[in-house]
Amino acid sequence: MLQIAVTGKPNVGKSSFFNSATASKVEMANYPFTTIDANKAIAHVITKCPCKELELTCNPRNSQCIDGKRLIPIELIDVAGLVPGAHEGKGLGNKFLDDLMQAKVFIHVIDASGSTDEEGNPVDLGSHDPLDDIEFLEHEIVMWMYGIVNRNWVRLIRKVEAEHLDISRVIFDQLSGTGIAIEDIIEALRKVEPDYTKWEEEDLIELVRHILNIAKPSLVIANKADLPGAKENIERIREKYPNVIATSAESELALVNAARAGLISYVSGDSSFELLEKDKLNPNQIKALEYIQTNILDVYGSTGIQKALNQAVFELLDMIAVYPVEDEHKYTDQKGNVLPDAILVPKGSNPKQLAYIIHTDIGDKFMHAVDAKKNMRIASDYELCDGDIISIVTHN
């Protein structure tokens, strides 16, 4: 399952983001290292289900469908809060950074209101610059990975020269266990000084930065977006960073809990909610819901939590959703479930690659595929489109 790491310094709403995104319960407190072990739980990205277009009632197995919205599961890793010097082992740094590397994309939660210092301690509202937190986290991750690449670097370069080895392969071997593909390293090498024998420390650091940007893209979550000063800070952050989403994790958590209790009608990502049981809400609860509508939903269009997950998967990782079926006429699996599975695949994938994602045996026995919507056979190198319904034909 696709993994996303939720990271950031302590006390910025990271666990609230995780809880609201996964509807799980993680301990929350205003002190560092509340989260010591990486918590993992299931969240969902939301995309349009083909059931509405085809006028079908679907029976999802690996996902959910709510009124034509397909909720596809992903795994969130709640990585414990980082502090400055983590790459040198300060705090619980090395363990946290190891946890980060399991993921395909980083969601970096910051306190957009500037009410927590560099170590996550509460300070006066607006007295800390949240831009510093983004730079600090980037620095910690880059320097941690630089430490791995730089290990025995002089000896490695001598070996490359003596044995005529491929430099990309040597770096790939150094980074084994980080989930970084050799293709990412090759792409990053195109952006730096080609003669690796001339590399100084800053050249290696630059290479590592390029590798991370390619292999582990990050999304900045500007949390506490409703607090004074946050909106101005968010505008400043967006001038410097391309992928920034304003959020209020506490608001999302309140809406999710109210919906679960049957008090409101709300689906994550919505720009409003409907009161269902107003007589069961006390004045403070009604006031809180009105505050969320006025200061978050009306201002930003949503709480930002679902938008963050969707942007991380569908934009940063460039994934699409494809629906494999066995019966291309009825859009079912062998048990008669309609549109049973939604599979996330990288944009540009073809039917044979989809077959291997489903199961190795299916990939090995792949013969051809059928586009169920068009009821026509497609080539093995056909580029899959978002929302495609594909039947894979195999040989015995």
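User: Which residue of β11 does Ile320 stand opposite?
Analyst: In this predicted model, β10 and β11 run antiparallel and are joined by four bridges. Strands of a sheet pair through backbone hydrogen bonds, either parallel or antiparallel. Within β11, the residue opposite Ile320 is Val345.

User: In what order do the five strands of the open sheet lie, and which are its edge strands?
Analyst: The pairing in this sheet is mixed, and the order is β11-β10-β14-β12-β13. An edge strand pairs on one side only. The edge strands are β11 (343–346) and β13 (376–378).

User: What is the average twist from one strand to the next in the sheet of β11, β10, β14, β12 and β13?
Analyst: The sheet is open, with β11-β10-β14-β12-β13 as its strand order. From one strand to the next, the twist averages 45°.

User: Which helix packs on that sheet, and what angle does its direction make with that of β14?
Analyst: The helix is α13, residues 351–358. Its contacts are with β10, β11, β12 (366–371), β13 and β14 (389–394). Between the directions of α13 and β14 the angle is about 80°.

User: Which element gives the largest share of the largest nonpolar core?
Analyst: This core has 42 residues, and Phe17, Ile74, Leu76 and Leu344 have the most contacts inside it. Elements giving two or more residues include β1 (3–7), α1 (14–22), β4 (69–78) and α12 (305–316). The largest share is seven residues, and it comes from α12.

User: Is Lys9 buried or exposed, and which backbone oxygens lie by its side chain?
Analyst: Lys9 sits in the loop between β1 and α1. Its relative accessible area is 1%, and the cut-off for buried is under 20%, so Lys9 is buried. A polar atom of its side chain lies 2.9 Å from the backbone oxygen of Thr116. For the other backbone oxygen, the distance to a polar side-chain atom of Lys9 is 2.5 Å, and the residue is Asp117.

User: Why do the buried residues of α6 line one face of the helix?
Analyst: Helix α6 (residues 167–174) has Ile167, Ser168, Val170 and Ile171 as its buried residues. An α-helix has 3.6 residues a turn, so residues three or four places apart point the same way. The buried residues of α6 pack against α5 (153–163), α7 (182–189) and α8 (201–215). They line one face because, seen down the axis of α6, they fall within an arc of 160°.

User: Where does Glu55 lie, and is it buried or exposed?
Analyst: Glu55 is not a glycine, yet its phi is positive, about 55°. The residue lies in the loop between α2 (51–54) and β3 (64–66). Its relative accessibility is 73%, so Glu55 counts as exposed.

User: What is the accessibility class of Asp318?
Analyst: Asp318 is in the loop between α12 and β10. Its phi is also positive, near 55°, in a residue other than glycine. With a relative accessibility of 33%, Asp318 counts as partly exposed.

Definitions and conventions: Residues numbered from 1 in each chain as written. Predicted model: local features only at pLDDT ≥ 70, side-chain atom pairs only at ≥ 80, totals over all residues. Heavy atoms only, no water. Core = buried A, V, L, I, M, F, W, Y, C linked by side-chain atoms within 4.5 Å. Buried < 20%, exposed > 50% of the residue type's maximum accessible area, 1.4 Å probe, protein only. Pairing = 2+ DSSP bridges. Axes fitted to C-alpha atoms, helices over the stretch in contact; angles between N-to-C directions. Contact = heavy atoms within 4.5 Å. Polar contact = N/O pair within 3.5 Å; in protein donor to acceptor, adjacent residues only side chain to side chain. Arc of directions from axis to C-beta.
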